[in-house]
Amino acid sequence: MSKATAYQAKYPDRHGHIDYTSCEHETWQALYQRQQDNVPRYACDAYLNGLNELALPSERIPQLSEIDTVLSRTTGWKTAAVPALISFERFFQLLANQAFPVATFIRSKEEFDYLQEPDIFHEIFGHCPLLTNPSFARFSHQYGKLGLAASKEERVFLARLYWFTVEFGLIRQADHQLKIYGGGILSSPGETLYAMSEKPLVKPFDLIDILRTPYRIDIMQPIYYTIESIDYLDEIVKMDVMSAVNQARQLGLHAPLFEPKANVS
C-alpha cells in the first residue's frame, strides 16, 4: 500500500459533498453499464440483495452519505473517504471501527479495464453491497481487529485471507451454482467472465491453504477459493486465525501458479 500512485483523492466539502466532473460521472456510468448484464448472472444472492438495498445510481457517482444511510441502517457500518493508497495500519483501524475505506477518485479512461489501485467504483460497486449483509460485516470487523493486533510479518499472511475472500472469493449456493462475492471480481467485467470460465483452478475454502497461497495483483487470478454460503464467513470468524497464520509461516508458501515478479505477495 506504500507504492506511488498517479491518482489523487477528492475531498468532501464542509457539507460532506464531493464534487465530480461530468467526465468522471461518465466513467462511472460506463463501468456500471458493463456490469449490468454480468451481475444478475454471476453475483451471489447476498450481493444482489445488497445492491438492491443500496439502489446505486447508474448515471453518476454516488455520495458517500447515500451509502452511509443504508449501511448504518442494515449493519451499523459507514464509509470513510481515504486517499488513493493508505497504510495497512490505517486500513485495519478503519475496519476495526466498522468504517470501510473508500478511495474517492475514479479510474482514468486509459485504465478503464484494469487498475491496481482500488477506486471508488471498486469500493462502492464491488464491496459495499455485501456490507449490508451481517455475516460479511462481522467478518470484515473481525478481520480489522486481527490485523490491528498482528505483527508486520503476520499481516502479510492475513492479506491472503482478505484477498481470497473479500476481494476474490467465490461461493457455491444452495443450488450448487458457482457465484461471485469478491468485490475485486464484481468490479471487473473481464475478471467476472474469467472467474466463471473453465480457465482458473477453483478449490474449497481451507484456511491454511489460503494463507500459504501466493497471489499477484496485476493478473487474472489463476486460483479462487469457494465458501459454502455467505453465512460461512461467521464460521471463519470463530476460527483461530492467528494460530493458522503461525502454522502457515512454519509450513511456507505453495509454489505460485504464475510467473514470478518482483514485489508480489
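Ala, Val, Leu, Ile, Met, Phe, Trp, Tyr, Cys and Pro count as nonpolar here, Asp, Glu, Lys and Arg as charged, and the others, Gly among them, as polar. With that in hand, the lining of the largest cavity in this predicted model divides into 7 nonpolar residues, 1 polar residue and no charged ones.

**The cavity**

- The count comes to 1 cavity of 30 Å³ or more, and the space in the largest cavity is about 30 Å³.
- Its lining is made up of Phe139, Gln142, Tyr143, Leu146, Leu161, Ile236, Val237 and Val241.
- Helix 7 gives the largest share of this lining, 4 residues.
- Helix 7 and helix 12 (232–238) each supply at least two residues of the lining.

**The second largest pocket**

- About 160 Å³ of space lies in the second largest pocket.
- Around this pocket you will find Arg172, Leu178, Ala195, Met196, Ser197, Glu198, Pro200 and Val202.
- By class, the pocket lining has 5 nonpolar, 1 polar and 2 charged residues.

**Helix 1 against helix 6**

- Two packed helices are described by the angle between their axes and the distance between the axes.
- For helix 1 (residues 22–35) and helix 6 (residues 120–127), the axes come within 11 Å and cross at roughly 35 degrees.
- The crossing of these two helices is right-handed.
- Helix 1 brings Trp28, Leu31, Tyr32 and Gln35 to the contact, while helix 6 brings Ile120, Phe121, Ile124 and Phe125.
- Sorted by class, the contact of helix 1 with helix 6 has 7 nonpolar residues, 1 polar residue and no charged ones.

**Helix 5 and what follows**

- Phe91, Phe92, Leu94, Leu95 and Ala96 are buried in helix 5 (residues 88–96).
- After helix 5 comes Gln98, which has a positive phi near 55 degrees.
- Gln98 has this positive phi although it is not a glycine, and its place is in the loop between helix 5 and strand 2.
- Gln98 is partly exposed because its relative accessible area is 28%, which falls between the limits of 20% for buried and 50% for exposed.

**The loop between helix 3 and helix 4**

- Ala55 sits in the loop between helix 3 and helix 4, and its phi is positive at about 50 degrees although it is not a glycine.
- With a relative accessibility of 57%, Ala55 counts as exposed, because exposed means over 50%.
- Gln63 is also found in the loop between helix 3 (45–54) and helix 4 (64–74).
- Gln63 counts as buried because its relative accessibility is 11%, and buried means under 20%.
- Leaving out residues up to four places away in sequence, Gln63 touches Gly16, His17, Ile18 and Tyr20.
- Along the chain, Gln63 and Lys10 are 53 residues apart, and their C-alpha atoms are separated by 12 Å.

Methods:
Residues are numbered from 1 along each chain as its sequence is written. This is a predicted model: local features need pLDDT of at least 70, side-chain atom pairs count only at pLDDT 80 or more; totals for chains, interfaces and linings use all residues. Side-chain values use heavy atoms; hydrogens and water are left out. Axes are lines fitted to C-alpha atoms, for helices over the stretch in contact, and angles run from 0 to 180 degrees between N-to-C directions. A crossing is left-handed if the near helix is turned anticlockwise from the far one by less than a right angle, and right-handed if clockwise. Contact means heavy atoms within 4.5 Å. Buried means under 20% relative accessible area, exposed over 50%, partly exposed in between (1.4 Å probe, protein chains only). On a 1 Å grid over the protein atoms alone, a cavity is a set of points where a 1.4 Å probe fits but cannot get out, and a pocket is an open set with protein on both sides within 12 Å along at least five of seven lines; lining residues have an atom within 4 Å of a point. Grid points are joined across faces, edges and corners, and a volume is the space filled by probe spheres set on the points.
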